[in-house]
Amino acid sequence: MVKIPDSIKKFIDEQGIFVVGTIGETKFVNMSPRIFFKVEEDAIYWLDFFEHKSFKNIQVNPYVTISVFNKNDLEGYQFKGSASYITDEPTKSEIRDSIIENILKTNLSPKTKSLSEKEAHVIQFEPQVCYSLNPEEYSDLSIGSDIDSTSLFCD
């Protein structure tokens, strides 16, 4: 598992959004933005309020890509790893409540408030490789890995 440096955790928090890429049985990539999340040193947690494409894809294929980018500074990161659902209580409720509390401090929109009142699945993502998305850097070389990243997605 890749440890997420404090500078990258701060970067993700400052952006306030990242995109999750999943692939299920259809073999088509699904991209889904996430704003309800929490970044820790060795995991990223997010809430899934719906049982749509991402939810179904993760059940079939737990390998996930997360991308976060700042378009003004042309800086960003991509993580590849595996996702799983947190189902044990009280862990699930503790993570869910801390994510909702944190997001409602900075996002006061009626849609966000309404969404926060719904039941949600808690997803734990464990990064296995991290890449820079900065155009000036070698974005095809990992900046942190505990695996050969090509083995994750090859048949």
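This is a predicted model: local features need pLDDT of at least 70, side-chain atom pairs count only at pLDDT 80 or more; totals for chains, interfaces and linings use all residues.
Visitor: Why is the contact between E14 and K10 called a salt bridge?

Guide: The nitrogen-to-oxygen separation between the two side chains is 3.8 Å. The cut-off is 4 Å between a Lys or Arg nitrogen and an Asp or Glu carboxyl oxygen, so the pair qualifies. E14 and K10 are four residues apart in helix 1 (residues 6–15), which puts about one helical turn between them. E14 and K10 are both exposed.

Visitor: How many salt bridges does the structure hold?

Guide: Seven. Among them is the one between D48 and R34, at 3.8 Å from N to O. D48 belongs to strand 4 (residues 44–48) and R34 to strand 2 (residues 29–34), so this bridge ties together parts 14 residues apart in sequence. D48 and R34 are buried.

Visitor: How do you know that the buried residues of helix 1 line one face?

Guide: The buried residues of helix 1 are I8, K9, F11 and I12. Viewed down the helix axis, they fall within an arc of 160 degrees, so they line one face of the helix. On the other side, D6, S7, K10 and E14 are exposed. Helix 1 is followed by G16, which has a positive phi near 75 degrees.

Visitor: What makes the largest nonpolar core a core, and which residues have the most contacts inside it?

Guide: A core is a set of buried nonpolar residues joined through side-chain atoms within 4.5 Å, and the largest such set here has 20 residues, so it is called a core. The residues with the most contacts inside it are I12, F18, I44, W46, V64, I66 and F79. Elements giving two or more residues to this core include helix 1, strand 1 (18–23), strand 5 (63–70) and strand 6 (75–86). A second, separate core has 12 residues, including F36, A43, Y45 and I103. In soluble globular proteins, nonpolar side chains tend to be buried together.

Visitor: Which residues does I66 touch, leaving out those up to four places away in sequence?

Guide: I66 touches F18, V19, V20, I44, W46, Y77, Q78, F79 and F125.

Visitor: How do you know that strand 1 pairs with strand 2 and with strand 5?

Guide: Pairing needs at least two bridges, and strand 1 and strand 2 have six, so they count as paired. Three bridges join strand 1 to strand 5, so that pair also passes. Strand 1 runs antiparallel to strand 2, and also to strand 5. T22 stands opposite N30 in strand 2, while G21 stands opposite T65 in strand 5. Strand 1 and strand 2 form a hairpin with five residues between them, and K27 in the turn has a positive phi of about 70 degrees.

Visitor: Why is the aromatic pair of F18 and F37 called tilted?

Guide: The ring centres are 4.8 Å apart, within the 6.5 Å limit, so the rings count as a pair. F18 is buried, at a relative accessible area of 2%, and F37 is buried at 7%.

Visitor: What makes the pair of F18 and W46 edge-to-face?

Guide: The centres of the two rings are 5.9 Å apart and the planes are at 75 degrees, so the pair is edge-to-face. F18 lies in strand 1 and W46 in strand 4, so the pair ties together parts 28 residues apart in sequence. W46 has a relative accessibility of 0% and counts as buried.

Visitor: Which residues do ring pairs link into a cluster?

Guide: The cluster consists of F18, F37, W46 and F125. The count of aromatic pairs is six.

How values were computed
Residues are numbered from 1 along each chain as its sequence is written. Side-chain values use heavy atoms; hydrogens and water are left out. Buried means under 20% relative accessible area, exposed over 50%, partly exposed in between (1.4 Å probe, protein chains only). The arc is that of the directions from the helix axis to the C-beta atoms. Contact means heavy atoms within 4.5 Å. Rings of Phe, Tyr and Trp (its six-membered ring) pair if their centres lie within 6.5 Å; planes under 30 degrees apart count as stacked, over 60 as edge-to-face and the rest as tilted.
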